[in-house]
Amino acid sequence: MIATTNVFPPYYLFEQAGEAYGQEARRVKDELEKVENGFEISVFYTGNAQTAIAELNALAARANEDDWDSEGGSKISPTSRCLAVKLLKKMPREWPAPEIDLDSDGDVSLQWHAGPGRRLTVSVGTSGKLSYAWMILNERGGLERNYGVAETEGVFPTTISDVVSKFGA
Amino acid sequence: MLFRNSERSAPNEILPTTPIAPDEPIARFVLKEDRIRWLSDSPIGRIREKQFEPDKRNELSVFRVVNLEELSITDLGQKAVVSEKQPNLIGWGQFDASLVAQAFPGLHLDPTPDLDWPTHPRHANIKGWPNDADLDDRKSKQILIKQFFSEKAQLILTTHGKQIEAQKKLRRQ
């Protein structure tokens, strides 16, 4: 038997989407509904994705108004959150759950820390682009680092998945 | 004014005009529990990248802690950064000044007093953060820098921070 668990706070989502009007607000609301429904179905497909999405939801509940962190941080961006959930749902099963944080502009940040000198951070932008940076400690003890911006259609692009592969996850 | 007169007359006084040596220790104070990733398999956590995010002026506020023992650094943090909104000093991330330039080209420490910290002799800002017009480009470079500081900074907990760590360990058992 497959049980379903709804860990989304649905009213919160609709309140978020209901703050704006017009086509864009409707699109965001529709996307959030799809994400919520889809999450109920696939909740047991990948445990690490589930862990990350639950962490994201907990953070979203806290970051539901501006200055939620007492440091002037913007509330969570519904568009960024929606895309982050999409990405996490499509995350390969073998990937560990990322740590979740919010940038000061409200964008969701996904962070993998695979031990000393092995990090990948992906900021999910409202434009649908992913800003990322990584570091890997090489065999000579040097730190290789790089950064970039990648387009996404709701899955992690190879520029990012290649880095996770290097972690040996 | 957030600091008291006794700070000015402390031994080993640092002046804003005192040049910053490459091996001079720099501290970034931590006031929030969730800025530390408390690890279950390690005696101490690590500072999350978010703690090294620049402020709205695109600067990161730090303190020069050369010649100060841990208790004096705690005292400095209590006087200089603790506020009503954020009343608890958890600890700080400490790193050598030379790491700032290594983090990204153009990044540098500026001890010049500014409007927020007009007279505190040990305050400095990390300036020169990327300022690309394209937000996504700017952000990816910022992430690179935050990652670097988070990786390199040594977390030092105050007594209060150690109590939090002990409580978290108890909860995990």
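In chain B, residues 24 or more positions apart supply 74% of the contacts with a separation of 6 or more; a contact means heavy atoms within 4.5 Å. For chain A the corresponding share is 54%. This is a predicted model, so local features need pLDDT of at least 70 and side-chain atom pairs count only at pLDDT 80 or more, while totals for chains, interfaces and linings use all residues. Residues are numbered from 1 along each chain as its sequence is written, chains are lettered from A and ligands numbered from 1 in the order in which they are written, and side-chain values use heavy atoms, leaving out hydrogens and water.

**Chain totals**

- Chain A has 5 helices and 5 strands. Both are DSSP runs numbered from the N terminus: helices are H or I with at least four residues, strands are E with at least two.
- Along the sequence, chain A reads α-α-α-α-β-β-β-β-β-α.
- Chain B has 5 helices and 8 strands, in the pattern α-β-β-β-β-α-β-α-β-β-α-β-α.
- Of the 169 residues in chain A, 48% are buried. Buried means under 20% relative accessible area, exposed over 50%, and partly exposed in between, with a 1.4 Å probe and protein chains only.
- In chain B, 54% of the 173 residues are buried.
- The accessible surface of chain A is about 8200 Å², with 50% from carbon and sulfur atoms. Areas come from the Shrake-Rupley method with a 1.4 Å probe; for residues, only the protein chains shown count as cover.
- Chain B exposes about 8500 Å², and carbon and sulfur atoms supply 51% of that.

**Sheet and helices of chain A**

- Five strands make an open antiparallel sheet in the order β1-β2-β3-β4-β5 (chain A). Two strands pair if DSSP finds at least two bridges between them.
- β1 (99-102) and β5 (143-151) of chain A each have a single partner strand, so one side of each lacks a neighbour in the sheet.
- Neighbouring strands of this sheet are turned by 15° against each other on average, direction ignored. Axes are lines fitted to C-alpha atoms, for helices over the stretch in contact, and angles run from 0 to 180 degrees between N-to-C directions.
- β1(A) pairs with β2 (residues 108-113) of chain A in the antiparallel sense over 4 bridges. Leu102(A) stands opposite Val108(A) in β2(A).
- Helix α3 (residues 47-62) of chain A lies across β1 and β2 of chain A, at about 25° to β1(A).
- Helix α5 (residues 158-166) of chain A lies across β3 (118-124), β4 (129-137) and β5 of chain A, at about 25° to β4(A).
- Ile160(A), Ser161(A), Val163(A) and Val164(A) are buried in α5(A). They cover an arc of only 150° around the axis, which puts them on the same side of α5(A). The arc is that of the directions from the helix axis to the C-beta atoms.
- The cover over these buried residues of α5(A) includes β3 and β4 of chain A.
- Thr158(A), Ser165(A) and Lys166(A) are exposed on the other side of α5(A).

**Sheet of chain B**

- Six strands form an open antiparallel sheet, ordered β6-β7-β4-β1-β5-β8 (chain B).
- Its edge strands are β6 (108-110) and β8 (154-157) of chain B, each pairing on one side only.
- The twist averages 40° from one strand to the next.
- β4(B) and β7 (residues 123-127) of chain B pair in the antiparallel sense over 4 bridges. Leu60(B) stands opposite Ile126(B) in β7(B).
- Helix α2 (residues 70-80) of chain B lies across β1 (25-30), β4, β5 (91-96) and β8 of chain B, at about 115° to β5(B).

- Rings of Phe, Tyr and Trp (its six-membered ring) pair if their centres lie within 6.5 Å; planes under 30 degrees apart count as stacked, over 60 as edge-to-face and the rest as tilted.
- Phe52(B) and Phe149(B) form a tilted pair, 5.8 Å centre to centre with 35° between the planes.
- Phe52(B) sits in the loop between β3 (46-47) and β4 (60-64) of chain B, and Phe149(B) in helix α4 (residues 135-152) of chain B, 97 residues apart.
- Phe52(B) is buried at 0% relative accessible area; Phe149(B) is buried at 1%.
- Ring pairs link Phe52(B), Phe95(B), Phe148(B) and Phe149(B) into a cluster.
- Gln147(B) is also found in helix α4 of chain B and is buried, at 0% relative accessibility.
- Beyond its neighbours within four places in sequence, Gln147(B) is in contact with Arg119(A), Leu120(A), Thr121(A), Ala133(A), Trp134(A), Met135(A) and Glu49(B).
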